[in-house]
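Good morning, and thank you for joining this meeting. I would like to walk you through one structure, which is now shown on the screen.

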Amino acid sequence: MTSQLFIDGARLYRSLAALGELGAFTDPHSGLRGVCRLALTAEDGAGRRHVVEQMREAGLTVRVDRIGNVFGRRAGLDDRLRPVMLGSHIDSVATAGRFDGCLGVLGGLEVVRTLNDAGRATLRPLVVAFFTDEEGARFGTDMLGSAVATGRIALEDAHALRDRNGLSVRDELAAIGFLGDDPPRLPAPFAYLECHVEQGPVLRAAGLDLGVVAGVQGICWHELTIVGKAAHAGTTPMALRADAGVAASRINLALRDLVASGRFGAEFRATMGVLLPHPGLVNVVPGEVTATVDLRNPDSALLDAAEAAIIAFYAEAARMEGVTVTHRRTARTPYVGFDAELGRRIAAAADARGLSHAGIVSGAGHDAQELARLCPAAMIFVPGEHDGISHNPRELSTERQCADGVNVLLDVACALADAPATPEDQP
Ligand SMILES: [Zn+2]
């Protein structure tokens, strides 16, 4: 039993602040500093170069693959063994804080620095990784880099994605100098660990130090086009209307009814986040509405059932209002469960440090759910202040909260990195 190491929480927090200055802006409403590092922009390029520089200073050998994923490797005592990978992302949405994704990457780097300072070698290599365009905020596909690395999305398809201005992933990777040479398919690591902010209120409200993430809930998105008949609000009798706005409202309320029915479990969530009437004028019955439906459930079968129920209601709403409702499914991911043994290790490491914890299901998507197809994967959640608000300049986890998560990351990473060779570790 080696003595317990501690990461340098102040150093970790400084590194989060330094990366947070790249692509920083001042929010005009709150005066807070926010971050805008959309994938493959000049700001993302600056963030990437900054982290690569830090990786090299920590002695890591840096490689970049053809979708721009970056891997910094610390050699193991037996360097032929599969590595333990610690990762996340550094791209952001347009109105981000400085913790989302960055905590997992800079936390991985802090683990390496701590081992370096202690002169501690590991049997297996350690790799600190950041994946391209996790947010999907610019090119429309989230977890893009990790999905290519694990084979869910073909490299050519990823390269061909374009942003609103017609710029392609491939050209933008080249423009910022991150169109790498490494093959896009990642050889399976021994294990993958990701420390991330919760991005929700649960841990903080429960007074817990950490969350042991059991998995990522299933997600289903629809884009709705509801077509009725635009008409004058004053002259058109109520009985003669085909009001697309009322149909959208009925669907929105039906989502609430589905949740309230309890038929789809206690964790079922449903949201109409877009509800745009056309022409959108005070005295015109809306002739058309564009709307979206977002369904989430940790149980894939219940998610399927909820989707079927709301599709049936689209027809009902159409009939009631004399409109047409067409839907297009724009996203569908099943529940992804993380490795139970890694979850037990995370919980045990938290116990050993006297940190309180509970199991939690992630409400948002993460790179770890892609890596879970390749190797045992797990996530550690750190609580956030301000109800865990994220994708917002108010996003905040304290130095202590971040350090707790990364100390547990260190413990679990070290134990895994000293695991002896298995038959899958082919020399
Ligand atoms: Zn994230």
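Let me begin with L103, which, leaving aside its neighbours within four places in sequence, is in contact with L12, L16, G108, C195, H196, V197, V382, C402 and V406. Please bear in mind that this is a predicted model.

L103 also belongs to the largest nonpolar core, which has 70 residues, and it is listed with M55, L193 and V408 as having the most contacts inside that core. The largest share of the core, 11 residues, is supplied by helix α12, residues 399-417. A second, separate core comprises 28 residues, including L224, L295, I310 and V325. As general background, nonpolar side chains in soluble globular proteins tend to be buried together.

I turn next to the helix packing. Which axes come within 9 Å? They are those of helix α1, residues 9-20, and α12, and they cross at roughly 110 degrees. The angle therefore makes α1 roughly perpendicular to α12. On the α1 side, the contact is made by G9, A10, L12, Y13 and L16, and on the α12 side by E399, C402, A403 and V406. By class, this contact has seven nonpolar residues, one polar and one charged.

Finally, the metal site. The zinc ion is coordinated by NE2 of H89, OD of D100 and NE2 of H196, at 2.0 to 2.2 Å. Along the chain, the donors follow the spacing H-x10-D-x95-H. D100 lies in the loop between β5 (84-88) and α3 (102-118), whereas H196 is in strand β7 (residues 191-197), so the pair links distant parts of the chain, 96 residues apart. Are these two residues buried or exposed? D100 is buried, with a relative accessible area of 6%, and H196 is buried at 0%.

Notes
Residues numbered from 1 in each chain as written. Predicted model: local features only at pLDDT ≥ 70, side-chain atom pairs only at ≥ 80, totals over all residues. Heavy atoms only, no water. Donors = N, O, S within 2.8 Å, 3.2 Å for Na, K, Ca; no water. Helix = DSSP H or I, 4+ residues; strand = E, 2+ residues; numbered from the N terminus. Buried < 20%, exposed > 50% of the residue type's maximum accessible area, 1.4 Å probe, protein only. Core = buried A, V, L, I, M, F, W, Y, C linked by side-chain atoms within 4.5 Å. Contact = heavy atoms within 4.5 Å. Axes fitted to C-alpha atoms, helices over the stretch in contact; angles between N-to-C directions. Parallel < 35°, antiparallel > 145°, perpendicular 65-115°, else oblique. Nonpolar A, V, L, I, M, F, W, Y, C, P; charged D, E, K, R; others polar.
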